[in-house]
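Have the sequence and the 3D view open as you read.

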Amino acid sequence: MLGRLNHVAIAVPDLEAAAAQYRDTLGARVDAPQAEPEHGVTVVFIELPNTKIELLHPLGPDSPIAGFLAKNPSGGIHHLCYEVADIAAARDKLLASGARVLGSGEPKIGAHGKPVLFLHPKDFNGCLIELEQA
Ligand code: CO
């Protein structure tokens, strides 16, 4: 079911500083910030040869990232995103196996304009998993 690792997401307290660090200190290709109001985040993608890093910063009053940063003030790894070929089929299989899908269970459009879902971290070794239809 799982395909490529699409990205690793890192919640950051200072988006500009984190983007500058990846660009200037680490010498990576850094995309422009992208606001995603329906997910409560602003994202910056770092393009690596084999995957991407997604820098996440809270956007708006109900951001899911705000609580994470309150617990992890210097930032931290927030989720892993794996690609799947058919997100509805993946969801149905996971639900049948007892895993919990966050929210309504209906895929939302993610940062790449493709459908995404999130899986409960308690069902996956304490790791929040995003699935993205490739
Ligand atoms: Co993500």
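**From a salt bridge to the metal site**

Start with Arg4, which is partly exposed at a relative accessible area of 48% (buried means under 20% relative accessible area, exposed over 50%, and partly exposed in between, with a 1.4 Å probe and protein chains only). Before going on, a word on the source: this is a predicted model, where local features need pLDDT of at least 70 and side-chain atom pairs count only at pLDDT 80 or more, while totals for chains, interfaces and linings use all residues. Residues are numbered from 1 along each chain as its sequence is written, and side-chain values use heavy atoms, with hydrogens and water left out.

What does Arg4 meet in a salt bridge? Its side chain meets that of Glu83, at 3.0 Å from N to O (a salt bridge is a side-chain nitrogen of Lys or Arg within 4 Å of a carboxyl oxygen of Asp or Glu). Glu83 lies in strand E6 and Arg4 in the segment before E1, so the pair ties together parts that are 79 residues apart in sequence (strands, E, are DSSP runs of at least two residues and helices, H or I, of at least four, numbered from the N terminus).

The structure holds 5 salt bridges. Another one pairs Asp123 with Arg100, with the closest N and O atoms 2.9 Å apart. Asp123 sits in the loop between strands E8 and E9, and Arg100 in the loop between helix H3 and strand E7, so this pair ties together parts 23 residues apart in sequence. Asp123 is partly exposed at 27%, and Arg100 is partly exposed at 42%. Salt bridges with shared partners also link Arg91, Asp92 and Glu106 into one network.

Now for the metal. Which residues hold the cobalt ion as protein donors? They are His7 (NE2), Glu54 (OE), His79 (NE2) and Glu130 (OE), lying 2.1 to 2.3 Å from the ion (donors are N, O and S atoms within 2.8 Å of the metal, or 3.2 Å for Na, K and Ca; water is not among the atoms, so sites may look incomplete). Along the chain, the donors follow the spacing H-x46-E-x24-H-x50-E. Glu54 in strand E5 (residues 52-58) and His79 in strand E6 (residues 76-84) link distant parts of the chain, 25 residues apart. Glu54 is buried at 4%, and His79 is buried at 3%.

Next, look at E5 itself, where 5 of the 7 residues are buried. Strand E1 (residues 5-11) pairs with E5 in the parallel sense over 5 bridges (two strands pair if DSSP finds at least two bridges between them). In that arrangement, Ala9 stands opposite Glu54. Strand E4 (residues 41-47) runs antiparallel to E5, joined by 7 bridges, and Ile46 stands opposite Ile53. E4 and E5 form a hairpin with 4 residues between them.

Finally, step over to His78 in strand E6, which is buried at 16% relative accessibility. The side chains of His78 and His79 are joined by a polar contact of 2.9 Å (a pair of N or O atoms within 3.5 Å; within protein, one must be able to donate a hydrogen and the other to accept it, and residues adjacent in sequence count only if both atoms are side-chain atoms).
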